[in-house]
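Trainee: Could you go through this one with me? I'd like to talk about side-chain packing and charged pairs.

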Amino acid sequence: MTDPQIILTYSRGRGIVAIPHGTRYKAAHQLLTSCGFREDESGVHHLPDGEPDLARDRVASLVRLSKFYRAEVTTGSRQFIGDTAGDIAALLPGEWKARVEIYSNPHWQEDLVPWLWDSGELARVVRHERVPCAAALTDTASETTLLLIERPDREAGYLVGALSPEFFEEGHGDRHAPPGIAVLGSAASAARAITDHYLPAYRRAVHDRRLACVAEALDRIRTEHDDQSTGTAPEHDDIGAPVPEERTARLPGRVWEEFRSVLRHAPPLLDRCRSSAPEGSPEDRVLARLVDALVDVESLDGGTSSKPPVPDAPLRSAVDTWLTHGETFLRRARAAAPPTRPDTPAIAPPPRPHPPGHPTPRR
């Protein structure tokens with residue numbers, strides 16, 4: 001549909017709100033502005049709350065002028081998604097913040113797809129159906145970000161999934177991505193489902209993905225290491241020139257690129273492994289050596305350079321340590337995977353009011 005489109009709904013804190021969208025969303029924006037709607041920093045247009053007569057007149061003007069703009073004005077059947085997200089964020093464990101995401105231009109929604117870390121209905125809906133707006137819920141401690149959208153063609157309910165963590169970059173199509181969940185319209189029931197089911201599955205998926213990154217990096221490093229040990233390292237560069245002897249004695253840049261993946265993903269896994277290993281045990285000592293190897297390399301340049309740090313000896317020592325003890329680490333990391341059930345009790349739903357004339361049960 002190419003005509004301007006506007007969705008009207010109601011927000012507790014903003015009054016009547018409007019969301020312009022479609023390929024001609026700019027015309028919808030102009031129409032709302034001409035009818036007295038104000039745009040906030042999130043891209044939501046709203047009328048001043050507390051003035052019902054003025055709001056009624058401006059909505060009537062919007063409906064009347066929409067015929068001249070050939071705009072389609074619809075009324076949402078649910079409360080403003082920003083209110084729902086804020087209510088859910090307040091009930092989740094920890095400190096969560098909610099913000100509204102507006103995808104007025106369909107291309108903005110397409111730009112979201114690569115960052116979805118979801119293998120369920122949420123990813124399918126965002127890829128194939130129109131989603132004019134959503135809400136992002138972010139845990140300020142872990143920087144976990146969830147995406148909340150209205151479930152299409154339903155009277156009630158939402159879909160919740162994750163955006164890819166920053167340390168994974170893009171997440172679309174990742175086999176480790178957890179499936180999102182459908183939640184009811186009640187903030188209490190939605191928060192309980194997210195706490196009891198989704199967040200544990202998400203944490204497990206992050207653990208498994210990090211573990212896979214380290215395991216794959218170690219496999220590729222071992223291949224490069226074996227090539228050098230057996231004398232099969234390349235003697236010529238990409239244009240056929242002989243590789244100087246001092247360069248063949250150094251670890252190739254590919255090893256550093258792979259070891260950067262170990263530097264990025266292994267530390268939180270090591271923290272979890274060491275918390276479950278008996279202090280002073282052989283495995284604890286091995287894990288401590290792996291930690292020290294990472295610290296030695298990070299102290300050279302912080303692990304941010306695209307080239308192997310100088311001098312080469314500490315990097316070679318760290319790589320040798322990880323190749324020697326990598327299997328012990330992987331075994332411990334698999335055993336230390338987080339549970340898929342929460343460690344804390346689920347949030348209790350608010351008490352239901354009793355019908356008039358019925359006694360309140362004693363506790």
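Trainee: Which residues are linked in a network of salt bridges?

Mentor: Glu121, Arg124, Glu129 and Arg151 are linked in such a network, where a salt bridge is a side-chain nitrogen of Lys or Arg within 4 Å of a carboxyl oxygen of Asp or Glu. Keep in mind that this is a predicted model, in which local features need pLDDT of at least 70 and side-chain atom pairs count only at pLDDT 80 or more, while totals for chains, interfaces and linings use all residues. Residues are numbered from 1 along each chain as its sequence is written, and side-chain values use heavy atoms, with hydrogens and water left out.

Trainee: How many salt bridges does the count come to?

Mentor: By that rule the count comes to 18 salt bridges.

Trainee: And Arg332, what does it form a salt bridge with?

Mentor: Arg332 pairs with Glu283, and the closest N and O atoms are 3.4 Å apart. The pair links distant parts of the chain, with Arg332 in helix α10 (residues 312–335) and Glu283 in helix α9, 49 residues apart; helices here are DSSP runs of H or I with at least four residues, strands are runs of E with at least two, and both are numbered from the N terminus.

Trainee: Is Arg332 buried or exposed?

Mentor: Arg332 is buried, because its relative accessible area is 15% and buried means under 20%, with exposed over 50% and partly exposed in between (1.4 Å probe, protein chains only). Glu283, at 24% relative accessibility, counts as partly exposed.

Trainee: Which side chain does Arg274 meet in a salt bridge?

Mentor: That is Asp284, at 3.6 Å from N to O. Arg274 lies in helix α8 (residues 253–276) and Asp284 in helix α9 (residues 282–301), 10 residues apart. Arg274 counts as partly exposed at 33% relative accessibility, whereas Asp284 counts as buried at 10%.

Trainee: Switching to packing, what is in the largest nonpolar core?

Mentor: That core has 35 residues, and those with the most contacts inside it are Ile88, Leu137, Leu146, Leu148 and Ile194. A nonpolar core is a set of buried Ala, Val, Leu, Ile, Met, Phe, Trp, Tyr and Cys residues joined through side-chain atoms within 4.5 Å. Its largest share, 10 residues, comes from α6.

Trainee: What is Ile194 in contact with, leaving aside its neighbours within four places in sequence?

Mentor: With those set aside, Ile194 is in contact with Ile88, Leu92, Leu146, Val160, Ile181, Leu199 and Pro200, contact meaning heavy atoms within 4.5 Å. Apart from this core lies another, of 31 residues, among them Val255, Phe259, Leu315 and Ala318.
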